[in-house]
Amino acid sequence: MTGALFVLRLALREGRAARRQIGLYAGAISLGVAALVAIGSFRADVTEAIHAESRSLMGADVELRSTSEFSGGARGLLDSLRQDGVPVSRVTSFTSMALATATGKTRLVDVRAVEGDFPYYGRIETAPANRWSRLRDGHHALVDPALLVYLGAEVGDTLRLGDAAFVVDAELRRIPGEIGIQTAIGPRVYIAADYVEETNLLQFGSRARYHALLKLPGAAAATEFVATHRPMLDRERVRAATAASREEDFREWFAAFTRFLALLGLTALLLGGIATGSAVHVFVRRKLDTVAVLRCLGGTQRTVFAAYLLQAALMGLVGAMVGVVLGLVVQRSLPSLLADFLPLAVHPSIRVGPVAAGLGIGLWVALAFGLLPLLTVRNIAPLRALRRSVEEPARRWDLARVAAYAAVLGTILVLSVTQAPLPAVGLAFALGITLTTAVLWATARALVAATRKLFPANAPYVVRQGIANLFRPHNQTVSVVLTVGFGVFLLGTLHVVQRNLLDQFAFETSGSRPNLVVFDIQPDQVDDVRARLAAAGAGETAAVPIVPARIAAIGGVSIDELLTDTSSLRRSRWALRREYRNTYRDTLVASERLIQGSWWTGARPDTLPARISVEEDLADELHVRLGDRLTWDFQGVTVETVIASVRQVDWARFETNFFVVFEPDVLESAPQTLVTLAHIDDARRRAEVQRDLVLQHSNLSLLDISVVQEVLERLLGSVALAIRIMAAFSIACGAVVVVGAAATSRFQRLRESVLLRTLGARTSQVVRVLAVEYAVLGSLASVLGVVLAALAGWVLVKFFFELRFTLPSIPLLALALGTTVVTTAIGIFASWDLVRRSPLAVLRDLAD
Amino acid sequence: MMIIAQDLEQTYISGGRRLTVLRDVNFTVEERGLVAVVGPSGSGKTTLLGLLAGLDRPSQGTVILDGQNLGPMSEDDRARLRAEKIGFVFQTFQLIPTLTALENVLVPVELQPSRRWPAAEAAAHARDLLARVGLVDRWHHYPAQLSGGEQQRVALARAFANRPKILFADEPTGNLDAETGHAVIDLLVALNREAETTLVLVTHDPELAGRAHRVIGLAGGRIVSDSAGTA
């Protein structure tokens, strides 16, 4: 009992005087805890918002969706519902070109024509406010802000959609249940359904989706409605969802998304753990004498160890508390940062669960990582109080050390598995981070050892002294190289991958490669389109036919039977039900490679059905092989085919690629549209030809490369932001370790600085020694991070993205240089009082 | 007898060589004795002190303190014995830098396993001791805010805080100027007489050695002289 009380008193008394160490130690833990608390609270905020606005996510109780106009049973069902007085709304969406008449700019958009009182729940927010209700009062359009920016237009301007003109009445601020990033390719334009016909856009070949939204008495009625009509809806290829099932979808999607973020937070926390271990090491080194005295005065090993374990715990707690506060601040900024990924408005509030978890996890990580260095407290000999030069006993492998290592590994494992979207992902993450750390650690050690070995013996004194400082007893060199190197590694890898993706894109769009796609061309428009493109500088362009079809049967078994067949082959339902856009031609194109069978040459033998070539992944999804027979349904006309070859397709290339290619002389007379790719160098002529084409042929859709570029940058930007934040965390942890390393050797440095200055060294020389030391330290970390980043980037680009790899050497060099400069600055700053103070003041300090 | 040292020998392995720093050390100290251990640097004085206080184990021989044989005791048992019966004064003062003067004096009180002091009583006791060394007004100061002589006086107060039967002092004036050292010696001897403690001190200081009842001379790890001094 005496022991416990003493431990507590000592911890509280010592803690009062140790504010500086607390700052250092707590700082390392705070950042990671902040990330976890922010993400955990944010997840709870969103889940709550989703639940509270469950019905407004859909705006209705039930939604029916189809890729063709409702017909047969589905149509009958909707008619009878209306007769029974059930509120039914319709939304028909299709892609089209929007032309801003004021600027002449065009953009592919997603038009949504609304009929009825949708939404029944929730509000569609507009700016200026309350414009949704007057959508049907005239030729009004409500549009995404991004569209206006792209077109250079503003509210009040005229927008042409097909043959009709609309006034932009407001910008869309938020539509419940829609995630901003989904509309990146096709910005939304809402109009009233009454005017769709005027546009002349809903023709053959346009990819329209049809939605019906129902208001029912409640969730139970919705579930019952869907259950009752499911078999008929399945037959009609109509998908049905209730508000509750939509909520569930969102919840799952969002849980996976935030858990991905949580893994990033966890990385920060584990790096914080390493920094904490380093800070505890510093702390213990400073306490050696105190520990020895306590032992002399009769403190047992256990009492003294417990006293410092408690101090470590208190510091961990302070760090975790600071982290919680920081996390709550970050939580407030997340809704706007992640607005692109959020389906609804989120109101942050303080939540007990994530806060308690943050405190607990922070405290635990601080203890688990602090335990190893703390264990040395047990081995400090009391004799040390009598004489300084007591040899420290060699580290021994006792049960406590094994337990400490187990605590660290167990912590990584348990946290990863509980924070990850799936246990398997967590395991992989734990393994990944342990391996990465191990590789970084081993490389750091090798680098440090090499520096020592290759150390220039005839270098100037300042350089030799600076480098020698890295190898002073109890140095933190490897820790610093590891944590700073980790940050550089993350930033470097991110940059290498991002650069390669963008470079690939730039390469694909450079030179004479196509930068404009024109699709939905009707056969009678082809000549005019090609002529206009040629006049704009595109030269001769080819038009590729697209013939929409569905699979009617495989091997003589009808699609309905296949869809209900749950026994043998689990064929992809998506692949069975989808509408295919097939083409026909007599040659392979550059982005394709034949991997099975043979390409057709010459005329088709009369005995065989039409020959087709199937893309390899689709063949897997459908479970079909060379020689299998597929029956296709072209707008009611069935065509028998046989698989004559299987192709591999490089989808990454900006080309017209197809899942299924028919041999010529089969589909020529089937209803079809055409697509053409063009290259027009001059951006202005490209914009002009788009305007002219849209004015002339309002049904055409055009995709300019600049749109794709914009989308790609937006997507990469969102992912990169998260990774950058994590890298910033790890670099901050690295800074904590640098400061800690400077603190460890403070006493030695004091003596050296006195000695040097007594021997006549000028302040500038002392600074230069420091500069050399930290510059070398920063360079080692940079080299480590950059080299491993190049390696990881190469692996990712080459084997994961399967792209050509180029090394962005100048940015990596800049990163390395920047890191070195920052490390040097922090190091000198942390030691500044040694430089600033007069030798006499330092001497007095030492005498005390 | 308060202290019995029998056939003490201490050898270290240093750089692969056996180094004998103490051999054939035999002596006893009676209760309330005041013994000075003197000798040149490297003669084994501090090693002997460490062995007597149970800070280290002898390679051979026995130390018996107040009837208890240190030999079979574990590290922690010896720590408990020190908490109960032993006080320390160090050459470098060894006050805990993060504790105030009062708190430093309180450490041995709070570490005592056999007696649980009520907080107020412990604090009063520590204050009395600080008053005795003339520093009661400085009770809330940290070691860095005290001069060397003041630090050593706090260390004296701390040494007597657990009412030890034996006090070990390692060069208590070694880091002080002559005048301050003189004052500290006076205080040490006076406190020792009042508390009726057995005192073993290691010193270079002839003045301090002169105040001992008995002076044991060490050289090359052996006792080379053992004479009674003037009281």
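**Notebook: helices, chains and domains**

I began in chain B and noted that H3(B) and H5(B) are roughly parallel to each other, because their axes cross at roughly 30 degrees and angles under 35 degrees count as roughly parallel. The model I am reading is a predicted one.

**Entry 1: two helices in chain B**

I looked up where the two helices sit: H3 covers residues 101-111 of chain B and H5 covers residues 148-159 of chain B. Their axes come within 8 Å. I noted the hand of the crossing of H3(B) and H5(B) as right-handed.

Which residues of H3(B) meet H5(B)? I listed Ala101(B), Asn104(B), Val105(B), Val107(B) and Pro108(B). On the H5(B) side I wrote down Val154(B), Ala157(B) and Arg158(B). I then sorted the residues of this contact by class and got 6 nonpolar, 1 polar and 1 charged.

**Entry 2: chain B against chain A**

Next I turned to the contact between the chains. Chain B gives 28 residues to it and chain A gives 23 residues. I asked which elements of chain B give two or more residues to the side that touches chain A. They are helix H1 (45-52), helix H2 (75-85) and H3 of chain B. The largest share of that side comes from H2(B), with 6 residues. By class, I recorded 14 nonpolar, 5 polar and 9 charged residues on the side of chain B that touches chain A.

**Entry 3: domains of chain A**

I wrote down how chain A is divided: domain 1 (1-59 + 244-423), domain 2 (62-215), domain 3 (455-514 + 705-848) and domain 4 (516-678). I looked at domain 1 and domain 2 of chain A, whose C-alpha centres lie 50 Å apart. How many residues of domain 1 are in contact with domain 2 in chain A? I have 14 residues of domain 1 in contact with 14 residues of domain 2. On the domain 1 side, helix H3 (residues 54-58) of chain A gives the largest share, 4 residues. That side divides into 8 nonpolar, 2 polar and 4 charged residues.

**Entry 4: one residue, Ala52(A)**

I picked out Ala52(A), which is found in helix H2 (residues 19-52) of chain A. Is Ala52(A) buried or exposed? I noted Ala52(A) as exposed, because 11 other C-beta atoms lie within 10 Å and 12 or fewer count as exposed. Last, I checked Ala52(A) against Glu63(A): they are 11 residues apart in sequence and 19 Å apart in space, C-alpha to C-alpha.

Conventions
Residues are numbered from 1 along each chain as its sequence is written. Chains are lettered from A and ligands numbered from 1 in the order in which they are written. This is a predicted model: local features need pLDDT of at least 70, side-chain atom pairs count only at pLDDT 80 or more; totals for chains, interfaces and linings use all residues. Axes are lines fitted to C-alpha atoms, for helices over the stretch in contact, and angles run from 0 to 180 degrees between N-to-C directions. Angles under 35 degrees count as roughly parallel, over 145 as roughly antiparallel, 65 to 115 as roughly perpendicular and the rest as oblique. A crossing is left-handed if the near helix is turned anticlockwise from the far one by less than a right angle, and right-handed if clockwise. Two residues are in contact if their C-beta atoms, placed from the backbone, lie within 7 Å. Ala, Val, Leu, Ile, Met, Phe, Trp, Tyr, Cys and Pro count as nonpolar, Asp, Glu, Lys and Arg as charged, and the others, Gly among them, as polar. Domain bounds come from an automatic or database domain assignment. A residue is buried if 20 or more other C-beta atoms lie within 10 Å of its own, exposed if 12 or fewer, and partly exposed in between; C-beta atoms are placed from the backbone.
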